[in-house]
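Please look over the sequence and the model first, and then follow the points below, which are grouped by topic.

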Amino acid sequence: MAKKQVSMDEMLARTARFAGLRPSKQAFVDTRIPEYERDIFNVIGAGVTEDPEHKPAITAVEGFNVTYVGADPGKGAALHSHSTVEVFIAMSGRWAIFWGDEGENEIELDQWDVVSVPVGVMRGFRNIGDS
């Protein structure tokens with residue numbers, strides 16, 4: 001059986017260098033409200049951002065998206081829902097993930113912790129760390 005071959009150019013198109021990523025500060029409507037200010041980095045696929053000018057580093061997605069979010073302490077995202085599962089990975093610091101129609105439930109994540117929020121569930125997040 002022949003194995004698929006991938007050229008160097010094809011692999012480079014599927015490579016994102018963090019140093020080259022440029023964030024959008026207005027990827028979502030709520031980012032215009034001070035407590036929801038955050039930097040959105042589309043790494044793989046456009047995800048669910050509302051900024052049509054914010055292009056992902058890797059466009060070949062095959063139904064999969066990765067977005068990095070950076071927010072100052074006390075800031076994050078307002079309650080929202082998606083027609084996709086949303087997975088949160090705390091890459092640094094401490095984060096709170098809240099969910100429910102009123103955001104009445106909350107889990108705190110430490111660095112490298114992961115939580116997966118199901119389709120259609122109202123969810124939000126905020127940086128509860130000090131950096």
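A residue is called buried when its relative accessible area is under 20%, exposed when that area is over 50%, and partly exposed in between. The model is predicted, and the descriptions that follow should be read with that in mind.

**Strands β5 and β6**

- Strand β5, which covers residues 95-99, runs antiparallel to strand β6, which covers residues 105-109, and five bridges join the two.
- Within this pairing, I97 has I107 of β6 standing opposite.
- Five residues lie between the strands of the β5 and β6 hairpin, and in this hairpin G100 adopts a positive phi near 110°.

**Salt bridges**

- The model has a count of seven salt bridges, and those described here include the pairs R94 with D110, E106 with R126, and R38 with D30.
- The side chains of R94 and D110 form a salt bridge with an N to O distance of 2.9 Å. Because R94 belongs to the loop between β4 and β5, while D110 belongs to the loop between β6 and β7 (114-117), this pair ties together parts that are 16 residues apart in sequence.
- D110 has a relative accessibility of 39% and so counts as partly exposed.
- A further salt bridge brings together the side chains of E106 and R126, at 2.8 Å from N to O. This pair links distant parts of the chain, since E106 is in strand β6 and R126 is in strand β8 (residues 123-127), 20 residues apart.
- E106 counts as partly exposed at 39% relative accessibility, and R126 counts as partly exposed at 29%.
- Through salt bridges that share partners, R94, E108 and D110 are joined into one network.

**The surroundings of R38**

- R38 sits in the loop between α1 (8-12) and β1 (39-44), and with a relative accessible area of 7% this residue is buried.
- The side chain of R38 forms a salt bridge with that of D30, at an N to O distance of 3.0 Å, and both R38 and D30 are buried.
- A polar atom of the R38 side chain lies 2.8 Å from the backbone oxygen of Y36, and the side chain of R38 also reaches the backbone oxygen of G76, at 3.1 Å.
- When neighbours within four places in sequence are left aside, the residues in contact with R38 include S24, K25, F28, T31, V69, G70 and F125.

**The surroundings of G45**

- G45 is located in the loop between β1 and β2 (66-70), and at 3% relative accessibility G45 counts as buried.
- Although G45 and V66 are 21 residues apart along the chain, their C-alpha atoms are separated by 6.8 Å.
- Apart from neighbours within four places in sequence, G45 is in contact with P56, I58, V61 and N65.

**A nonpolar patch on the surface**

- V85, V87, I89, M91, W112, V114 and V119 make up a nonpolar patch on the surface, and together these residues have about 690 Å² of accessible area.
- One of the residues in this patch is M91, which is found in the loop between β4 (86-89) and β5 and is partly exposed, with a relative accessible area of 42%.

Technical notes
Residues are numbered from 1 along each chain as its sequence is written. This is a predicted model: local features need pLDDT of at least 70, side-chain atom pairs count only at pLDDT 80 or more; totals for chains, interfaces and linings use all residues. Side-chain values use heavy atoms; hydrogens and water are left out. Two strands pair if DSSP finds at least two bridges between them. Helices (H or I, at least four residues) and strands (E, at least two) are DSSP runs, numbered from the N terminus. Patches are made of residues with over 30% relative accessible area and no salt bridge: like charges are joined within 9 Å, nonpolar side chains (Val, Leu, Ile, Met, Phe, Trp, Tyr) within 5 Å. Accessible areas come from the Shrake-Rupley method with a 1.4 Å probe; for residues, only the protein chains shown count as cover. A salt bridge is a side-chain nitrogen of Lys or Arg within 4 Å of a carboxyl oxygen of Asp or Glu. Buried means under 20% relative accessible area, exposed over 50%, partly exposed in between (1.4 Å probe, protein chains only). A polar contact is a pair of N or O atoms within 3.5 Å; within protein, one must be able to donate a hydrogen and the other to accept it, and residues adjacent in sequence count only if both atoms are side-chain atoms. Contact means heavy atoms within 4.5 Å.
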